[in-house]
Amino acid sequence: MKAISILGSTGSIGTQTLDIVTQYPDQFQVVGLAARSNVVLLAQQIREFQPAIAAIGEVQKLPELQAAIADLDPQPILLGGEVGVIEVARYGDAEVVVTGIMGCAGLLPTIAAIQAGKDIALANKETLIAGGPVVLPLVQEYGVKLLPADSEHSAIFQCLQGVPNKGLRRILLTASGGAFRDWAVEKLSEVTVKDALKHPNWSMGRKITVDSATLMNKGLEVIEAHWLFGVDYDQIEIVIHPQSIIHSLIELQDTSVLAQLGWPDMRLPLLYALSWPERIYTDWQPLDLVKVGELTFRTPDHQKYPCMQLAYTAGRIGGCMPAVLNAANEQAVALFLEERIQFLDIPRLIERACDRYLTHNHSTPTLEDIIAADQWARQEVAIASQSLGSVLQKL
């Protein structure tokens, strides 16, 4: 039985991970749970899975959580705030920590887990996008495994099993195309929040669904793939694959191409990250290629999806620039979801923040540099959004 802790237990990644634990109770045991704010669901999870430790990120909700499980015996250790989440990340005998916390908020807890010798099932791509220059050396220093738990990077990781050193030639990241893959670019000025949240294939959280609509999620995955698999940006390509059956591909030095296929179901990459290097039998619906019928591909439209090129550029610049890109995107998407900016303002605000940060960039950043860049970018986007009419017309 493998002991695991889950950061972001009430979100999409966390609840699907717990579904796996429920289905395979002889394989996995929950040691720790951490959530941002959903006290009701976290209390239910604590009752069901009986972790040794749990934390609620919004510290003011700790008394509510304590009251919600006051009758439980034995009581877990209950903590609040970022410090509490970090304690869950590094607690006890958990072998694997699932990092499902959304955004850059997952960076410090992931680092704490690495320093405590835990393997990481990485579902928080921002950890490497913003913190790659710091996180990768720590992974090597502490000798832990960094196992991708999102569908695209899991697909690449699975295809690489058995590939000899220097056998990889190119990575092909597949993208569904998001909510607007069949929209004309001229119609994007009319996009509403409701439109952006209608993902055709996947059921995900609000932020990542908007990222899929802008294709920033794929640009961020390019940066993550660079760090995870040690490949140059010129060796990573994006291809639109509307069916979301091929989750990504690799090309080897002899031009052979390997792909991982499956229904759009996040449980599969999560299960592989938890069980690697083993394969666990499931009773899930097998892939039926006849039912799928056809697999199609097309080149992404860079005019429709400018966020992709912004990500490539930030990745190539390196230093703190990917952290600025990521934080600016998080802030801009949050403003869009609050209906304070338009959909097309998202890439404009991100580009403005990245351009303004160029003269401040650190080529070899420390963790403190990355955190400062993240905070700077969020503030920059918040300020710029207040005067969109005058600022964005100049871009």
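## Helix 5 and its surroundings

In this predicted model, the buried residues of helix 5 (residues 107-115) pack against several other elements: strand 1 (2-7), helix 4 (81-89), strand 5 (96-99), strand 6 (119-122), helix 6 (126-142) and helix 16 (367-385). Helix 5 is mostly covered, with seven of its nine residues buried. Those buried residues are L107, P109, T110, I111, A112, A113 and I114.

Just after helix 5 comes G117, which takes a positive phi of about 80°.

## The largest nonpolar core

The largest nonpolar core has 127 residues. Within this core, the residues that touch the most other members are I46, I171, L325, F336, I346 and I350. Helix 14 (residues 321-337) gives the core its largest share, 11 residues. In soluble globular proteins, nonpolar side chains tend to be buried together.

Apart from neighbours within four places in sequence, I350 is in contact with M216, C307, L310, L325, A328 and N329. L325, one of these partners, is itself listed with I350 among the core residues that touch the most other members.

## Helix 11 and the second largest pocket

Helix 11 (267-275) is mostly covered: seven of its nine residues are buried. The buried residues run through P269, L270, L271, Y272, A273, L274 and S275.

Helix 11 also takes part in the second largest pocket, where it provides the largest share of the lining, four residues. The pocket has a volume of about 380 Å³. Its lining is made of 16 residues, and the closest to the centre are L268, T282, W284, Q285 and P286. The elements that give two or more residues to this lining are strand 11 (257-261) and helix 11. By type, the lining residues divide into nine nonpolar, five polar and two charged.

## Two cis peptide bonds

The peptide bond from W276 to P277 is cis, and its omega is near 10°. P277 lies in the loop between helix 11 and helix 12 (289-292).

Another cis peptide bond joins D73 and P74, with omega about 5°. P74 is in the loop between helix 3 (62-68) and strand 4 (77-80).

T255 is not a glycine, yet it has a positive phi of about 75°. T255 sits in the loop between strand 10 (246-252) and strand 11. The relative accessible area of T255 is 46%, so this residue counts as partly exposed.

E339 is not a glycine either, and its phi is positive, at about 60°. The loop that holds E339 runs between helix 14 and helix 15 (345-357). E339 counts as exposed because its relative accessibility is 63%, and the cut-off for exposed is over 50%.

S151 belongs to helix 7 (residues 151-160). S151 counts as buried because its relative accessibility is 6%, and buried means under 20%. The side chains of S151 and E152 are joined by a polar contact of 3.0 Å.

G162 is found in the loop between helix 7 and strand 8 (168-175). With a relative accessible area of 77%, G162 is exposed. How far apart in space are G162 and K304? The C-alpha atoms of G162 and K304 are 38 Å apart, while along the sequence the two residues are 142 residues apart.

A52 lies in the loop between helix 2 (39-49) and strand 3 (53-56).

Not counting residues up to four places away in sequence, A52 touches V31, P76, I77 and Y91. A52 and P269 are 217 residues apart along the chain, and their C-alpha atoms are separated by 26 Å. P269 is one of the buried residues of helix 11.

Notes
Residues are numbered from 1 along each chain as its sequence is written. This is a predicted model: local features need pLDDT of at least 70, side-chain atom pairs count only at pLDDT 80 or more; totals for chains, interfaces and linings use all residues. Side-chain values use heavy atoms; hydrogens and water are left out. Contact means heavy atoms within 4.5 Å. A nonpolar core is a set of buried Ala, Val, Leu, Ile, Met, Phe, Trp, Tyr and Cys residues joined through side-chain atoms within 4.5 Å. Buried means under 20% relative accessible area, exposed over 50%, partly exposed in between (1.4 Å probe, protein chains only). On a 1 Å grid over the protein atoms alone, a cavity is a set of points where a 1.4 Å probe fits but cannot get out, and a pocket is an open set with protein on both sides within 12 Å along at least five of seven lines; lining residues have an atom within 4 Å of a point. Grid points are joined across faces, edges and corners, and a volume is the space filled by probe spheres set on the points. Ala, Val, Leu, Ile, Met, Phe, Trp, Tyr, Cys and Pro count as nonpolar, Asp, Glu, Lys and Arg as charged, and the others, Gly among them, as polar. A polar contact is a pair of N or O atoms within 3.5 Å; within protein, one must be able to donate a hydrogen and the other to accept it, and residues adjacent in sequence count only if both atoms are side-chain atoms.
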